[in-house]
Amino acid sequence: MSGSFSLSVFGLAGAGLVAIGLFGLIVQGAAFRKILAFNLLGGGIFLLMGVIARRGAAAGFGGDPVPQALVITGIVVAFSATALAVALLLRLQDAGEQNSAAVDDRDRAARQGDA
Amino acid sequence: MSLLTDLVTITCVLAGVVFFLAGTLGLLRFPDTLTRLHALTKADNVGLALIVLGLLPQAGTFLDALKMVAIWLLVQLASGAVAQLLAEVALRSAHAAEAKE
Amino acid sequence: MTPAASLSSASSAFGALLVLAVIVPLCGLVPMLLCAPRRVEQVALLLLGLGGLIVGAIAVRVAATGAALDDVIGGWAPPLGMALRADGLSVVMLVMTAVVVVATGLFARTDRAAPTSAMPPAFWMLLMGLWSALNLVFVAQDLFSLYVALELLTFAAVPLVCLDGSRKTLDAALRYLLFALFGSVLYLLATALLYGAYGTLDLPQLAQHVRASGTPEPALVLALALMSVGMAAKAALFPLHLWLPPAHAGAPAAASALLSALVIKAPIYLLVRIWCDLAGPPLAAAGAPLLAIMGAGAVWLCGVMALRQGRLKLLIAYSTAAQIGYLFLMFPLAGIAGAAPWETIAWTGGALQLVSHAFSKAAMFMAAGLIAEALGHDRIADFGGLGRILPVSVFAFGLGGLSLMGLPPSGGFVAKVMLLTAAVQQERWWIAGVILAGGLLAGGYVLRVVVPALFRTGGAVAVAQVSPRRQGVALGLALVAVVLGFVPLQPIGFLAIGRAALIGSAP
Amino acid sequence: MSGALDAGIAALLLGVAFRVLLARDPLGAVIGFVALGLVIALAWVRLAAVDVALTEAAIGGGVTGLVMVRAAARLPKREGARQTADRGTNWIAAGLCVLVFIGLSAVVLGLPEPAPTLAPEAAAHLPGTGLGNPVTAVLLVYRALDTLLEVVVLLLALIAIWSLSADASWRGAPPPPGPRQPTEALVFLARVLPPVGVLVAIYLFWAGADVPGGAFQGGAVLAAMGLLVLLAGLCAPPRIGDRGLRLLVLAGPVVFLAVGMLGWAVAGAFLGYPEGAAKPVIIAVEAALTLSIAVMLALLVLGPPAGARQP
């Protein structure tokens with residue numbers, strides 16, 4: 001790593017990724033593409049945290065371990081969010097494919113039968 | 001001795017890079033999925049093999065060398081299986097398109 | 001391990017209560033996932049009691065000592081570790097949350113007479129996750145822990161919207177989730193920037209750094225902007241409110257009560273912390289009017305939208321978006337750039353508005369759910385004669401409405417009088433105007449429901465029985481909102497506990 | 001030379017991100033996204049954060065990519081296709097995003113020097129924890145509550161996804177993820193790779209105490225192996241009501257919570273570790289976490305159990 005040049009390059013890349021993700025989140029119509037854009041945005045933020053961590057290299061460590069650990073947590077949280085959003089989207093898809101009123105009634109009946 | 005091993009490394013890695021470049025070119029220029037796959041897998045497998053071969057003399061320990069060979073084997077396995085999967089999907093969609101016509 | 005060195009930063013006696021408030025509902029998930037589905041509800045009710053006791057103990061402790069409660073996790077003091085802290089304001093939030101959560105639990109309990117109306121086991125698990133997340137939001141001092149808490153809250157709240165699995169609610173839930181994720185992502189970015197600039201995530205330490213450094217860092221300015229937009233999206237502050245009405249109106253009554261009364265309060269509480277504790281005087285002075293303008297927009301526009309709704313639950317949902325607008329009027333009035341905003345009458349007024357809205361809104365959503373259950377619909381136009389069929393529910397709705405309108409006796413009345421007093425004292429006439437106009441709008445939409453229900457005949461026919469217990473819970477919550485109307489019209493000392501120490505003392 | 005390499009990685013990263021944004025069909029966008037995950041992982045290696053690189057490759061690109069691929073395959077094309085807003089909105093949004101980019105770049109490039117860091121503090125207390133990897137120390141010692149809550153986030157996301165099922169009593173199994181007739185190549189891969197993968201997962205978890213790796217990375221690899229077996233149809237997805245499965249899901253959170261509460265007894269603080277014996281306790285917690293994380297990640301990918309509607 002050649003010092004501050006590389007840090008600046010990755011800092012710009014992170015900021016760019018944030019901007020691209022934000023743009024996608026605003027203008028994309030389909031929820032699926034919004035979910036992808038959310039992941040781009042998240043990736044950019046994590047990269048910026050990586051730059052911040054790298055700036056804090058000290059005590060023989062290649063980077064500040066605190067932001068690095070935060071990114072690991074953040075990646076897992078972002079994955080959970082993506083999985084939930086996709087599950088919702090697919091469920092919505094299923095609900096739309098069939099006659100929705102009939103589905104609702106059957107759902108409710110199933111719920112009540114199990115409860 | 002070290003000059004000789006360095007020479008081997010440079011030759012092999014350069015040759016590997018050429019294969020990678022050729023594969024990438026094929027990926028970009030070939031007309032359909034199957035030929036692209038052909039270019040990609042053939043070139044990349046040989047390319048990676050050459051690079052690993054070239055790096056073997058540089059490995060510090062026997063374990064490091066073993067790890068590199070293991071990586072090559074795993075990549076072989078994965079790319080072979082994935083290429084076959086992709087090929088099947090491509091064939092199926094080609095058939096579907098024909099049927100539609 | 002060197003606990004001797006790291007345990008130096010003080011956990012107060014009974015600080016462990018804060019950890020318990022967060023983890024006890026989570027521990028409840030374990031038996032809930034292992035027992036038979038029909039037992040889940042019993043486990044949940046048991047935990048509601050236990051959690052209520054813990055929050056009660058925290059409140060008693062803070063009130064008795066007059067000092068904030070602190071706990072340092074694992075003995076690792078910030079900035080390396082993280083701390084929890086309950087000051088006066090957090091305790092008020094914790095108690096409000098506990099009351100509404102427990103009441104919702106009692107409301108949602110399965111009727112022996114009508115077992116088919118039971119909530120699915122998932123509801124009870126999500127309720128536990130929601131409670132834990134809210135408690136964490138109110139006691140965490142670490143910006144990243146707050147991020148995790150916000151995400152926990154999102155994951156618990158979103159599925160509550162679509163428990164019935166219909167296409168409409170799934171759509172509302174997905175839209176809510178995307179807004180919430182957008183909000184938390186901006187918050188996370190802000191957190192990263194603050195760490196990059198100050199090297200700590202601990203709010204009190206950040207506050208000291210900010211105050212010590214004089215001119216605000218660019219990172220701080222950007223972080224505040226990002227956090228404000230993010231939290232506004234999560235709190236459905238105008239103009240980012242579009243997700244709220246379908247989500248809150250589509251959910252089952254018990255879930256709507258939680259979402260409208262509690263979930264949107266978490267980002268608002270964070271905004272208060274960010275602007276009052278973190279921003280520092282020059283930035284706070286610049287940012288407060290902007291927040292107030294958005295708040296005014298919410299009071300006006302969402303109030304008008306509420307007036308135009310034909311369905312009761314949508315009306316209540318729009319009124320939520322309108323009522324949170326008042327909370328943002330608090331920022332300039334409390335003089336958050338001043339030395340001690342927590343001693344002003346506007347601070348108390350804001351807190352009281354937040355709390356009484358929680359109780360009254362929960363009561364109103366429950367009442368609306370019961371009305372919809374009894375009539376089989378919630379079209380306001382067909383409410384004639386409803387007062388005879390469901391007198392208790394209509395009464396609970398009306399009492400809750402008092403708070404929204406700002407009529408005595410109610411917590412909302414006292415809160416709005418306090419905010420109005422502050423506005424008049426500071427000669428901010430436009431804010432005074434917004435408060436008064438908002439009251440008129442609220443009066444309009446509440447009376448639109450109550451008047452036909454009480455004074456018009458015909459129309460309404462009961463198609464189902466509703467349980468007296470559920471009506472009792474709704475009425476009880478509405479009465480709490482009324483009782484809050486008897487607090488004295490002056491700053492409440494309890495709300496200032498532990499706040500001066502937060503910014504005053506050196507690290 | 002290395003500066004040029006970093007500039008190349010950054011340029012590639014932005015190029016692929018644009019591809020994800022602009023790709024017409026959903027599958028193309030997802031493929032771009034998975035590729036992006038790998039490029040970002042490279043960036044992480046260059047930023048001297050190998051722990052994060054492993055996590056990003058395994059979870060950020062890998063498992064997330066799998067979720068998105070499955071979604072792209074099940075959605076009708078128009079649902080995942082690029083729909084652009086009207087021209088005015090596009091321009092306003094683009095302007096806003098350019099402003100954000102400029103502001104963010106200015107702030108990040110202008111962060112104070114010398115950079116504030118907690119690395120020395122993390123290093124100073126490291127010997128007391130018995131760990132060699134500072135990232136693991138942050139995750140499991142200094143900021144252990146965050147990690148505990150993060151596992152709870154996974155658990156709650158799982159509950160949230162299950163709550164979407166039409167089967168309210170949660171007895172059924174998620175639908176099988178793979179094709180109806182898996183190809184021979186897939187089956188072969190699913191037979192050969194898992195033993196190696198499991199070995200790698202155990203190594204990642206075990207080595208995580210001292211070198212890059214840990215419960216999340218190990219768990220993700222383990223989850224991937226399980227999903228591979230399910231994709232190839234070698235076994236059916238488990239019923240989510242299964243007691244053993246639930247126990248696996250809960251093992252991590254329960255052990256972590258129990259250790260946390262033991263902390264009150266042995267160290268006087270929640271999540272305090274016993275003096276001198278911190279490392280074995282941490283390893284035990286990580287072992288339970290690895291299992292639970294693996295199971296939860298896989299279940300999150302599989303989605304809600306098929307309900308009454310899909311018999």
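## Lining of the largest cavity

In this predicted model, the lining of the largest cavity is made up of eight nonpolar residues, six polar residues and one charged residue. The lining comprises 15 residues, and those that lie nearest the centre of the cavity are A:Asn39 and A:Gly43 together with D:Phe33, D:Glu56 and D:Gly60. Two or more residues of this lining come from each of helix H2 (31–55) and helix H3 (65–97) of chain A, and likewise from helix H2 (26–46) and helix H3 (50–74) of chain D. Of the elements involved, H2(A) contributes the most, with five residues.

## Volumes and count

Counting cavities of 30 Å³ or more, the model holds 11.

## Lining of the second largest cavity

The second largest cavity is lined by residues of chain C, namely C:Leu89, C:Met93, C:Ile268, C:Tyr269, C:Val272, C:Leu327, C:Met330, C:Trp347, C:Gly350, C:Ala351 and C:Leu354. The elements of chain C that each supply two or more of these residues are helix H4 (88–108), helix H12 (265–278), helix H14 (312–333) and helix H15 (345–375).

H15(C) gives the most to this lining, with four residues. By class, the lining of the second largest cavity has 10 nonpolar residues, one polar residue and no charged residue, whereas one charged residue is counted in the lining of the largest cavity.

Terms used. Residues numbered from 1 in each chain as written. Chains lettered and ligands numbered in written order. Predicted model: local features only at pLDDT ≥ 70, side-chain atom pairs only at ≥ 80, totals over all residues. Heavy atoms only, no water. 1 Å grid on protein atoms, 1.4 Å probe; cavity = no way out; pocket = protein on both sides within 12 Å on 5 of 7 lines; lining within 4 Å. Points joined across faces, edges and corners; volume = space filled by probe spheres on them. Nonpolar A, V, L, I, M, F, W, Y, C, P; charged D, E, K, R; others polar.
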